[in-house]
Amino acid sequence: MTVNHKSMAVAIMGPTASGKTAAALAIARQMPVEIISVDSALVYREMDIGTAKPTAEELASVPHHLIDIIDPLESYSVMQFREDAIRLVAEIQARGKLPLLVGGTMMYFKGLVDGLDDLPTADALVRARIDEEAARIGWPGMHAKLRELDPVTADRLAPNDAQRINRALEIIELSGKPMSELLARREKTSLPFELLSFALEPSDRAVLHKRIALRFDQMLGERDDDGIVAEVLKLRARGDLSLNLPSMRCVGYRQSWEYLDGLYGREQLRENGIVATRQLAKRQLTWLRSMPERIVVDCLAKDATDQLLGALDKHIRSA
């Protein structure tokens, strides 16, 4: 299979444990590609197990971008991703290869396709007041408050997603309007390339949940010294990280950190991690349903990768 449509890039989206990496590597065996990671956790160095980072062999088999680019102490915004992705797509196309944007961070995909929003800038005093209220009633209580004011945004956020709940409530206070309404008003921008989007989605949510449980068990390992707990223990030993950072709020890392704080035992760690990952998958699928131009492939089908390859080949040949 050859690439003859130089202005095209391909997105492979999907919830966690849907087989995105395997699909991307299968395409890489058929045509010259480079992979751009669309994952807000894979950007962090020293975070390998809990992010299901591609193996050294997988990374060596095809060029990857936007993996291991910042320290866990730093943050990486949607704006930074959009700028980096557009630049990388152009560079990859100039090398005569097909850019594959692969991942499950739907805010990155949304920001790339729809452009950046024109929301009010942060206000430290407003954020401080929201934090004070959260200290009294907890972030699940603040999430319930957000649901009354902006149910669309609340549906996309976890009850303990302090950073994003705070931002959504801040926007409401500063603008007097829900964030979802402001985002719906923005003018859609055009990308300097065609983006063909595939979504690996499950026909049976229960089967995806089993995959999620298996993956988390693999991350957890049999002992604390051979899995994600050991990884978090090493990160804690640095002395400069905390649960206030976006890196440590990633699914699996937050739960492991709380486990090491003695808040619960290993079995509860497993349960909390699996539940949090399922909630993440649910939010990812909610985002996907808002993307009407995607081509849906059942990630549970035995020939899912063949379906994706066939559709991609057909598109390239007809371009």
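This is a predicted model: local features need pLDDT of at least 70, side-chain atom pairs count only at pLDDT 80 or more; totals for chains, interfaces and linings use all residues.
User: Where does Leu243 lie?

Analyst: Leu243 is in the loop that runs between α11 (228-236) and α12 (253-260).

User: Is Leu243 buried, partly exposed or exposed, and why?

Analyst: Leu243 is partly exposed, because its relative accessibility is 21% and the buried class requires under 20%.

User: How far apart are Leu243 and Tyr253 in space?

Analyst: Their C-alpha atoms are 8.9 Å apart, and the two residues are separated by ten residues in sequence.

User: Changing topic, at what angle do α5 and α6 pack?

Analyst: Helix α5 (residues 124-137) packs against helix α6 (residues 139-149) at about 115 degrees, and their axes are 7 Å apart.

User: Which residues make that contact?

Analyst: From α5, the contact involves Ile130, Asp131, Glu133, Ala134 and Ile137; from α6, Trp139, Gly141, Met142 and Lys145 take part.

User: How many of the residues in the contact of α5 with α6 are nonpolar, polar and charged?

Analyst: Five are nonpolar, three are charged and one is polar.

User: Now the cysteines. How many disulfides are found in the whole structure?

Analyst: The search of the whole structure finds zero disulfides.

User: Is Cys250 buried or exposed?

Analyst: Cys250 has a relative accessible area of 12%, so it is buried.

User: And what is the relative accessibility of Cys299?

Analyst: The value for Cys299 is 6%, and Cys299 therefore counts as buried.

Definitions and conventions
Residues are numbered from 1 along each chain as its sequence is written. Side-chain values use heavy atoms; hydrogens and water are left out. A disulfide is a pair of cysteine sulfur atoms within 2.5 Å. Buried means under 20% relative accessible area, exposed over 50%, partly exposed in between (1.4 Å probe, protein chains only). Axes are lines fitted to C-alpha atoms, for helices over the stretch in contact, and angles run from 0 to 180 degrees between N-to-C directions. Helices (H or I, at least four residues) and strands (E, at least two) are DSSP runs, numbered from the N terminus. Contact means heavy atoms within 4.5 Å. Ala, Val, Leu, Ile, Met, Phe, Trp, Tyr, Cys and Pro count as nonpolar, Asp, Glu, Lys and Arg as charged, and the others, Gly among them, as polar.
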